[in-house]
Amino acid sequence: MMATHFELPVNLTPEELIASLSDKLELHLVSKQQVLKTYYDSFDWRLYEHGLICELNQSTHTSALQLSHRKNGELIARMPLFEVPAFSKQFNPGKVRQILEPLLEMRALLAVGSLECEAYHLNIVNADEKIVLRILIEEFKRLNNRLTLFPIKGYDKVAERIAEMVTKGLGLYAVDKPLLLDALKLQGRHPKDYSSKLDIPLVPKMRADIASKTIFSYLLQSIKANEQGTIANTDSEFLHDFRVAVRRTRAGLSQLKSVLPEDIIARYKEFFSWLGQITGETRDLDAYLLNFEHYKKQLPSDLRQSINPLHHFLALKQRQAQKQLAKKLHSSKYSTLMAEWEAYLASPLPKNPTSAESILTIKELADQRIWKIYKQSIKEGDAIDRHSPPEALHKLRKTCKKLRYLMEFFRNLYPEHRMDKLLKRLKRLQDVLGDYQDYATQQEKLKQFSEQMQGINTPSKTFLAMEVLIQDFDSRKNKVRDHFTWQFAAFKKTENHTAFHALFAPHNV
């Protein structure tokens, strides 16, 4: 039997509840203490998404972290802890770390809310002085007070009897809502109030220019949400999501360029291109460091430790690049242009736009743009054979990325299951093209790093290990190149083409 939770009516104090129970039961007060509850999750709510609540309970003498089920409150794991590490890999080995690592991956644990309470721990004992039920009463200043019953194995009936007593006799009512929700509500927040996934509120008949501003405003909020975490280097995913929102904005400015004024498009295409450039090096170095253990595993066992100087080299470069990035994101250029972009997006549009595309419905424009880019991807893919240069695959990769962004911008305008199916097929092709580009880029970057490390007293075995990795990337790149042919054929097959045609092509095509 699991713990059960109840809220006290506002006219019943914890002292009155204890007194009432003491009249009928042998009740022992174990402790009364001030407790600070702090709830933790990643910025993108990975624990909550997986049905977990992570809570640090601190009192004068004790402090412990616990993981519990979000839906039923059942305790999963608990450990004494006075300070919560930023990353799951920094926890001591044990059940808590074992649960957190695969869920959080590279994301930091952040405090998302807190509550203070007076906690009364009590035991109910029987005639033999054996504990038959543990009780917790929590007294909050800004919330309804709570009672929790913790059954003891073999005495389940006691918990049932007490539950009936407090509900029918004292007016308490059972609750299954986690306290986390109350802690968030007090701060004006709610679970999953940030996600990198696009869910843009568009409707088919919306005017194209109004819808375009809606898209750009949505992306701007994502950029702003990740701004401080990027500057502070809280974890690598802030910069990743920041860059994705910037890339999506650039794709939107390129693909929806006839909808908004030319001078606006030109000005902000340049600005967001600059943002892409200044964030590129730091993100690349983040990726190398995140993948470093994987690189090690690709090496023969006798060379694995020899690659460690590369990690020190990359970590130093990352710190330098991060410092420069933070400086640029603090610059007047960044703050001024971001403020001007936000002001433009909030400004009213003309009642009678002159651009032909501006007066289209967003559904009409979405059909046109997606169908055009889809046909371009097929044309570019058809032109690639085993003799084509790497640049041809890179060009197709960029086209597929534009297609993906457009489909994600406008997915709410189309049947969900049909869009999901087409996006999955497109993603499989993108994965192959992305792997090919990544392996080629990492191969070249490793060569550059090797040259840069020549003058810093690097052991010769480190260069040998790096050369092994360079050859490994070359081998992987060639294998992926072979996979491209059949993956593109799968994307181009009649069934997929028919689905794209039915969803996006003009009716007369």
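## K177 and its partner

At 37% relative accessibility, K177 counts as partly exposed; here buried means under 20% relative accessible area, exposed over 50%, and partly exposed anything in between, using a 1.4 Å probe and protein chains only. K177 forms a salt bridge with D182, with the closest N and O atoms 3.2 Å apart. A salt bridge is counted when a side-chain nitrogen of Lys or Arg lies within 4 Å of a carboxyl oxygen of Asp or Glu. D182 itself is buried, at a relative accessible area of 10%.

Some ground rules before we go on. This is a predicted model, in which local features need pLDDT of at least 70 and side-chain atom pairs count only at pLDDT 80 or more, while totals for chains, interfaces and linings use all residues. Residues are numbered from 1 along each chain as its sequence is written, and side-chain values use heavy atoms, with hydrogens and water left out.

## Other salt bridges

The model has 25 salt bridges by this rule. One of them joins R46 and E105, at 3.1 Å from N to O. R46 sits in helix α2 (residues 46-49) and E105 in the loop between α3 (95-104) and β6 (110-125), so this pair ties together parts 59 residues apart in sequence. Helices (H or I, at least four residues) and strands (E, at least two) are DSSP runs, numbered from the N terminus. R46 is buried, at 15% relative accessibility. Both residues also belong to a network of salt bridges that links D44, R46, E105, R107 and D235.

Another pair to look at is E408 with R248, whose side chains meet at 3.3 Å, N to O. E408 belongs to helix α13 (residues 390-409) and R248 to helix α7 (residues 236-255), so the bridge ties together parts 160 residues apart in sequence. E408 is buried at 10% relative accessibility, and R248 is buried at 10% as well.

## The nonpolar cores

A nonpolar core is a set of buried Ala, Val, Leu, Ile, Met, Phe, Trp, Tyr and Cys residues joined through side-chain atoms within 4.5 Å. The largest one has 96 residues, and L275, L310, W341, M407, F410 and F504 have the most contacts inside it. Helix α14 (residues 416-452) gives the largest share of this core, 11 residues. At least three residues come from each of domain 2 (195-360) and domain 3 (362-508), with bounds taken from an automatic or database domain assignment.

What does L310 touch? Leaving out residues up to four places away in sequence, L310 touches F292, L446, F449, M453, T462 and M466, where contact means heavy atoms within 4.5 Å.
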